[in-house]
Each structure stands twice: as C-alpha cells, then as structure tokens.
Amino acid sequence: MSNPRSHAIALHVEAAKRILAELDEHAATAMHALEHDGGADFFAAVDERSRVLSELDAVVEALAHERAAMRDTSPDDDEETGTLLADMARAAAAALESHEQLVAHTRRERDRLGAAMHRSARPDSVAMQYATAVAGPELRTFSVRG
C-alpha cells in the first residue's frame, strides 16, 4: 500500500480484527460461565464484551473516516482496501455468529431457570399425598380445666 491513507486503513482493519477475535473469546467465556461458574463470571464476561464493543466502535469510526478521505485514490488502493475490508468482514461474521450462539445459549438458560421457578411454586402432588397419609386422623385435644 503506497498511500498513507491505505496504510492507516490497514492498521484500523488489523485493530478491528483483533477486537473482533477478542469479542469471540469473550462470548466463549460467557457461555462457559453460564454453564459452569455462575452469574458473577457471566456478568463479568458480558461487561467485558460491552467494553470491547466500545473499542470496536471507535475503530470502525476511524476506519470510516479514513475510507471517506480515500475517495480520490487510485484503483489499486481501492482493490487493496477492498481485500482488507473483506477480511475484516469475515472476522465480523465469525464474531456475530459467536454472539448469536451466546444469545441462544442465554435464552435457553433463562427459559430453564424460569421453568424451574414455575415448578417450585406449584404444590407437589406426591408430597401432598404423603403428608395427608402420614398426618393420619385428626388430632384431638382436651382441656385440663374441664
């Protein structure tokens, strides 16, 4: 890339790809935490994903600025930039796929926990039958006073 703007775009694309890979890793961490570690680790991973997404936002904004400034470049620079952007798009697609998996996994866990809470609120028919059988006849009391 001979154009300084093309070089800047290449740097931004590499930063975006690194950030997208980090998002992918945090999605895997969040899913693992949801399955094994519990709520605190899950929420920490989700918070970290939010921080990383704000970094990505800044990089994409800088990339858009550089791209807009390159409007009068040579076709060779456009071709090289297109290749870089296509590479970044593949990384973005992988990060989006892991995000969708995280969302689906989180929904399943939410539904599972919701169903468990619903079941725990209902009286258990077997326990009720057992309690009735064990209680036996009604207890009678008597008064000492007569």
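# A tour of the helices

Start with helices H1 and H2, whose crossing is left-handed. What is on screen is a predicted model, in which local features need pLDDT of at least 70 and side-chain atom pairs count only at pLDDT 80 or more, while totals for chains, interfaces and linings use all residues. Residues are numbered from 1 along each chain as its sequence is written, and side-chain values use heavy atoms, with hydrogens and water left out.

**Stop 1: the whole chain.** Colour the protein chain by secondary structure: it has 4 helices and 0 strands. Helices (H or I, at least four residues) and strands (E, at least two) are DSSP runs, numbered from the N terminus. Read from the N terminus, the order of elements is α-α-α-α. Of the chain's 146 residues, 25% are buried. Buried means under 20% relative accessible area, exposed means over 50%, and partly exposed lies in between (1.4 Å probe, protein chains only).

**Stop 2: H1 against H2.** Two packed helices are described by the angle between their axes and the distance between the axes. How far apart are the axes of H1 and H2? They are 9 Å apart, and the helices pack at an angle of about 165°. This angle makes H1 roughly antiparallel to H2. The axes are lines fitted to C-alpha atoms over the stretch in contact, and angles run from 0 to 180 degrees between N-to-C directions. Angles over 145 degrees count as roughly antiparallel, under 35 as roughly parallel, 65 to 115 as roughly perpendicular and the rest as oblique.

**Stop 3: the nonpolar cores.** Select Ile9, Val13, Leu20, Leu56 and Met88, the residues with the most contacts inside the largest nonpolar core, which has 15 residues. Such a core is a set of buried Ala, Val, Leu, Ile, Met, Phe, Trp, Tyr and Cys residues joined through side-chain atoms within 4.5 Å. At least two residues of this core come from each of H1 (4-37), H2 (39-69) and H3 (75-121). Which helix gives the most to this core? H1 does, with 7 residues. Now select Leu56: leaving out residues up to four places away in sequence, Leu56 touches Ala16, Ile19, Leu20 and Leu23. A contact means heavy atoms within 4.5 Å. Then find the second, separate core of 8 residues, which includes Ala30, Ala33, Leu34 and Phe42.

Stop 4: Select Ala8 in helix H1. Is Ala8 buried or exposed? Ala8 counts as buried, at 16% relative accessibility.

Go on to Ala69 in helix H2. Ala69 is partly exposed, with a relative accessible area of 29%.

Asp47 is exposed, with a relative accessible area of 54%. Between Asp47 and His26 there are 9.6 Å in space, C-alpha to C-alpha, and the pair is 21 residues apart in sequence.

Methods. A crossing is left-handed if the near helix is turned anticlockwise from the far one by less than a right angle, and right-handed if clockwise.
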